[in-house]
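Subject: Structure for your files

Hello,

Here is the structure I said I would pass on. My notes on it follow below.

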Amino acid sequence: MDKQNKAFKVLEFDKILERLSSYTESKDVKKRIEEIVPYTELDDARAAQKETTEAMSTLLKLGSPPVNLSVENVLGAVKRTERDGVLHTKELMNISRLLYVARRMKSYIDESAEECTILHGIEEAIITAKQLEDRINSCIVSENEIADDASPELNTIRRKIRNLNGKIKENLNSMIHSTHYKKFLQDPIVTMRSDRYVIPVKSEYRGEVNGIVHDTSASGATLFIEPMSVVNNNNEIRDLHTKEQQEIERILAELSALVAENSHTIFVDYKYVTELDFMFCKGRLSLDMNANEPVLNDKGIIRYKKARHPLIDKEKVVANDIMLGGEYDTLVITGPNTGGKTVTLKTIGLFSIMAAAGLHIPAQDNSEAAVFHHIFADIGDEQSIEQSLSTFSSHMVNTVSILENIDFNSLALFDELGAGTDPTEGAALAISILEFLRARKATTVATTHYSELKLFALSTDGVENASCEFDVATLQPTYKLLIGVPGKSNAFAISRRLGLDERIIDRANDILSDEDIKFEDVITDLEQNRAKARKEADEAARMKRELTDLRKQIENDRIKLKENKSRILDEARREAKILVMDAKDEANSIIRDLEKMRQQGISNGGNLDKKTSAMRDKLKKKEDTIDKAMARAAKPKKTYVEPPKNLKPGATVKIVDMNQEATVLKEPDKNGNVRVQAGIIKMDVHITNLRKVEEKKSKKLAEKYVRSTRAFESKSKNVSTEVDVRGQNLEEAWMNVEKFLDDCYLAGISPVSIIHGKGTGILRKGLQGYMKKHRYVKSFRNGRYGEGEDGVTIVELK
């Protein structure tokens with residue numbers, strides 16, 4: 001375990017825990033966080049991850065909990081009450097707050113998503129004890145004060161004390177303001193000495209004031225005397241204070257007994273409140289790091305997508321895709337110094353610890369992490385003068401310890417494996433160590449500068465090269481990890497850029513063996529091909545995205561056109577129905593007048609019957625004509641016409657596939673879309689779906705449109721901006737709301753208000769559920785302060 005803890009510190013897991021601990025004030029939760037270690041069993045790690053995910057998703061959905069979850073440890077105090085102990089006011093206040101937090105969290109968690117099974121399990125386990133909570137709150141005002149109403153007896157005692165205090169002050173005030181005593185007093189004030197009321201008397205007038213001396217000033221010039229007239233009252237107050245303290249002790253004992261009766265509830269609530277505090281600390285850390293739950297496995301497979309080291313500034317950190325396990329279990333990372341090799345090494349180790357400990361990792365969703373039995377790391381220079389250890393020796397001490405404890409399900413991380421000694425021997429030793437680890441089936445990542453290890457990775461199955469990219473032109477690392485490509489040292493290129501004499505560089509190049517030169521050339525070719533392949537892949541991905549966006553846009557346009565068509569037909573039908581309703585109202589009015597005339601004998605009854613029948617036939621024909629027109633509109637002709645040219649606002653056009661005439665509102669945009677108005681509906685139509693209407697026909701259409709608009713306006717004048725459905729059941733309320741929304745949409749009124757009241761919230765939720773699917777509703781929200789708050793829903797129409 002010590003070796004594990006050493007690796008955790010090297011990988012800076014302790015800094016992650018410090019950050020996690022900052023989200024709580026509870027000492028017990030902080031201690032639990034300090035003791036976090038990664039789980040070694042897959043099921044345990046998955047359960048811990050689920051806790052974090054549920055807390056994170058609940059924070060996103062419901063916002064922060066309504067209370068601070070950090071509570072004091074009250075277990076010791078509660079156990080004392082079980083042995084007839086009496087608690088202090090502060091201890092009782094801590095218990096009351098615990099019960100309050102538990103009760104509020106129970107209500108808060110009840111609103112979380114159904115899939116949050118862990119949270120709902122805690123919610124069911126929490127036990128409320130509001131009666132005890134209220135009793136403590138009604139008795140205790142603060143740590144140093146018991147409420148007067150804590151008991152009738154206490155109230156009576158304190159009332160007597162207040163009365164006596166008033167009587168004493170009145171008596172003494174009359175003395176200090178009297179002409180007889182005024183000359184005897186040092187100051188005309190009433191003060192306290194030894195919890196008794198006294199007055200300051202000049203020492204030379206001691207005999208003029210009858211009373212008991214309780215104190216003398218430092219100079220001896222002033223005596224603090226309790227006049228005999230108030231001695232009895234002061235004595236009575238002292239006795240009352242004794243009774244008050246006895247009554248307070250009795251009240252505290254009574255409250256402590258109630259705590260003992262509810263000890264099981266308090267123990268349970270403390271357990272689950274601290275558990276919730278711990279879970280929400282993990283959830284907050286996940287949100288702050290923009291982290292996600294990894295997919296865990298126990299097969300040593302690592303697939304980190306866009307991984308970001310959590311301790312590097314978010315604005316500066318470079319995200320990398322890191323893959324390990326599966327086809328290869330050993331990764332050899334090469335590249336120049338300060339290029340990001342060590343950061344990559346630490347990211348792999350730290351993510352593995354965090355994932356197994358139940359913490360989310362700052363990587364894209366669906367990243368994979370492995371749960372290891374052991375995680376070892378040899379990172380950094382630990383040379384020691386006291387122990388006479390060189391850099392190589394210190395690394396080798398760590399390596400020996402790792403190799404002694406490694407097993408098949410371990411992760412081993414080595415920084416500069418084999419460094420610090422003769423390059424030839426160091427490289428051979430590094431290769432031998434990697435082979436030993438592979439034989440033990442351990443997952444290994446090592447950084448190195450040795451070309452021999454690059455060749456080893458190229459020629460050995462299960463071992464893969466990786467490198468940290470370096471821009472020679474700028475002499476700056478990009479910190480991008482390239483898996484499958486060995487890195488170049490770039491020593492000659494960097495030296496040349498820094499101004500080293502070209503003759504020195506040429507001589508160094510001559511010293512290199514042919515094999516070294518060929519190998520570096522191979523690496524150069526690999527890098528060039530990799531860069532070319534990545535550029536082509538990026539271009540292909542860009543074109544694919546554009547094609548996908550274009551396809552999506554076409555599909556959206558098609559859906560939008562279909563919706564517009566359906567909406568236009570619906571509105572046309574509604575407009576026609578309005579006209580028919582007006583005609584019916586007018587006809588029925590005439591019929592009633594005629595019937596009235598016939599009853600009065602003004603006209604011939606037979607002729608009236610014929611006129612009435614004829615009018616009804618005429619009305620029926622008008623309805624049939626409108627229905628046929630709407631049927632024809634529902635089946636538009638499929639006609640293609642050449643797009644009109646020079647369309648200007650005000651021009652009259654015909655929408656071909658809808659057989660609907662409209663007025664141009666805006667000139668065509670760059671995509672060929674034209675904003676037109678058909679009836680009361682405004683829409684965008686592609687220019688290829690339009691044709692011009694002759695001028696004479698346009699005038700007739702305008703006149704018809706004006707008449708139609710006037711009829712519509714006359715119908716919509718009386719439309720209200722709000723509807724009240726309080727007291728109605730959901731079905732009845734929705735029928736009224738739906739008709740109200742239709743009328744408001746036709747009248748062009750938005751936003752509008754639906755008054756449903758607060759109540760249990762069932763009517764509000766039901767109506768808002770229906771409105772999510774209503775074709776005219778653009779958005780809706782609860783009323784704000786001054787609008788009716790939760791008793792009103794404000795609706796924005798399309």
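At what angle do helix α6 and helix α7 pack, and how far apart are their axes? Helix α6 (residues 89-110) packs against helix α7 (residues 117-125) at about 140°, and the axes are 9 Å apart. Before the rest, two remarks on how to read this. The model is predicted, so local features need pLDDT of at least 70 and side-chain atom pairs count only at pLDDT 80 or more, while totals for chains, interfaces and linings use all residues. Residues are numbered from 1 along each chain as its sequence is written, and side-chain values use heavy atoms, with hydrogens and water left out.

Helices and strands here are DSSP runs numbered from the N terminus (helices H or I with at least four residues, strands E with at least two). Axes are lines fitted to C-alpha atoms, for helices over the stretch in contact, and angles run from 0 to 180 degrees between N-to-C directions.

Helices α6 and α7

The angle of about 140° makes α6 oblique to α7. Angles under 35 degrees count as roughly parallel, over 145 as roughly antiparallel, 65 to 115 as roughly perpendicular, and the rest as oblique. α6 passes α7 in a left-handed crossing, a term for a near helix turned anticlockwise from the far one by less than a right angle (clockwise would be right-handed). On α6 the contact is made by Lys-106, Ile-109 and Asp-110, and on α7 by Leu-119, His-120, Glu-123 and Glu-124; contact means heavy atoms within 4.5 Å. By class, this contact of α6 with α7 has two nonpolar, one polar and four charged residues. Ala, Val, Leu, Ile, Met, Phe, Trp, Tyr, Cys and Pro count as nonpolar, Asp, Glu, Lys and Arg as charged, and the others, Gly among them, as polar.

Helices α7 and α12

α7 also packs with helix α12 (residues 263-288), at an angle of about 155° and with the axes 10 Å apart. That makes α7 roughly antiparallel to α12, and the crossing is left-handed. α7 contributes Ile-118, Leu-119, Ile-122 and Ala-125 to the contact, and α12 contributes Val-268, Tyr-272, Glu-275, Leu-276, Met-279 and Phe-280. Nine residues of the contact of α7 with α12 are nonpolar, none is polar and one is charged.

Helices α6 and α11

The axes of α6 and helix α11 (residues 231-261) come within 11 Å and cross at roughly 35°, in a left-handed crossing. Thr-89, Leu-92 and Ile-95 of α6 meet Leu-252, Leu-255 and Val-259 of α11. The residues of this contact of α6 with α11 divide into five nonpolar, one polar and no charged.

Two backbone points

Ser-750 and Pro-751 are joined by a cis peptide bond, with omega about 0°. Pro-751 lies in the loop between α22 (730-747) and β23 (752-755). Asp-195 has a positive phi of about 65° although it is not a glycine, and Asp-195 lies in the loop between β3 (191-193) and β4 (196-202).

Regards
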